[in-house]
Amino acid sequence: MRAVRKYDLIRWNQLESMINQTRAELVQFRDGTGKYANVPNYVYVKLTPFRNSPTVAQEMAGLDLFGGSVSEVMHTPGPTSTPEGYTRKNWRAALNDTYAEQFAVAFQPGQSELFPIYSGVLNQNFRLTQDYGY
C-alpha cells in the first residue's frame with residue numbers, strides 16, 4: 001500500500017480506496033498487463049548458500065541471476081526455457097488467482113479498522129462501549 005501507514009489511511013478516509021487500488025494492481029501483476037507487462041513469470045538463479053548478509057540489498061547483490069542485476073531480471077522478459085546451470089523460480093507466476101482477487105476481501109469500510117478497547121480500560125470507564133462487535 002505504497003508505504004503509507006494503515007492508520008494514516010484510516011485518518012484520511014483513504015483505506016478502502018488504497019485496498020481497492022492494491023487489489024487492482026495485484027491483478028495487473030498476475031496478468032502481466034499495464035505497467036507489469038514486461039515482468040517475467042519466472043527468474044533463473046544459480047543456487048548459492050545463504051550468507052546471512054546484514055541487508056537484503058547485499059544478499060540480493062550476491063545472487064547469480066541469469067540476465068543481469070536484480071532490477072533488470074525482475075522487470076524484463078526472460079528466456080523461455082531454463083538456462084543450463086540455473087534453477088527456475090516463480091516470480092510473477094507465484095501470484096495465484098486466489099491471492100490477487102481475495103486480497104483484503106474481509107475488509108469492510110467502517111468495520112474493525114481500529115483495534116478493540118482493552119478490557120481494563122472498559123472496566124475503568126463504564127461509559128465506554130466496545131465498537132464493531134469485539
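1. Let me start with R30, an arginine that turns out to be buried, with a relative accessible area of 13%. Bear in mind that this is a predicted model. R30 lies in helix α2. Leaving aside its neighbours within four places in sequence, R30 is in contact with R92, L95, N96, D97, A100 and E101.

2. α2 has 17 residues and reaches 24 Å from its first C-alpha to its last, close to the 24 Å expected at 1.5 Å a residue. Its buried residues are L15, M18, I19, T22, R23, E25, L26, F29 and R30. They cover an arc of only 165° around the axis, so they sit on the same side of α2. As background, an α-helix has 3.6 residues a turn, so residues three or four places apart point the same way. The cover over the buried residues of α2 includes α1 (6–11) and α5. Just after α2, G32 takes a positive phi of about 70°.

3. Next, the nonpolar side chains. The largest nonpolar core has eleven residues, namely L9, L15, M18, I19, L26, F29, Y36, V39, L95, A100 and F103. The element that gives the most to this core is α2, with five residues. Another core, of five residues, lies apart from it and has V43, V45, L65 and M74 among its members. For context, in soluble globular proteins nonpolar side chains tend to be buried together.

4. Leaving aside its neighbours within four places in sequence, V39 is in contact with F29, M74, H75, W91 and R92.

5. On to the rings: how many aromatic pairs does a search of the whole structure find? It finds four. In the pair of F29 and W91, the ring centres are 5.8 Å apart and the planes are at 85°; over 60 counts as edge-to-face, so that is what this pair is. F29 lies in helix α2 (residues 15–31) and W91 in the loop between β3 (87–90) and α5 (97–102), so the pair ties together parts that are 62 residues apart in sequence.

6. Are the two partners buried or partly exposed? F29 counts as buried at 16% relative accessibility, because the cut-off for buried is under 20%. W91, at 30%, counts as partly exposed. F29 and W91 also form one aromatic cluster with Y36.

Terms used. Residues numbered from 1 in each chain as written. Predicted model: local features only at pLDDT ≥ 70, side-chain atom pairs only at ≥ 80, totals over all residues. Heavy atoms only, no water. Phe/Tyr/Trp six-rings, centres within 6.5 Å; stacked < 30°, edge-to-face > 60°. Helix = DSSP H or I, 4+ residues; strand = E, 2+ residues; numbered from the N terminus. Buried < 20%, exposed > 50% of the residue type's maximum accessible area, 1.4 Å probe, protein only. Contact = heavy atoms within 4.5 Å. Expected span 1.5 Å × (residues − 1). Arc of directions from axis to C-beta. Core = buried A, V, L, I, M, F, W, Y, C linked by side-chain atoms within 4.5 Å.
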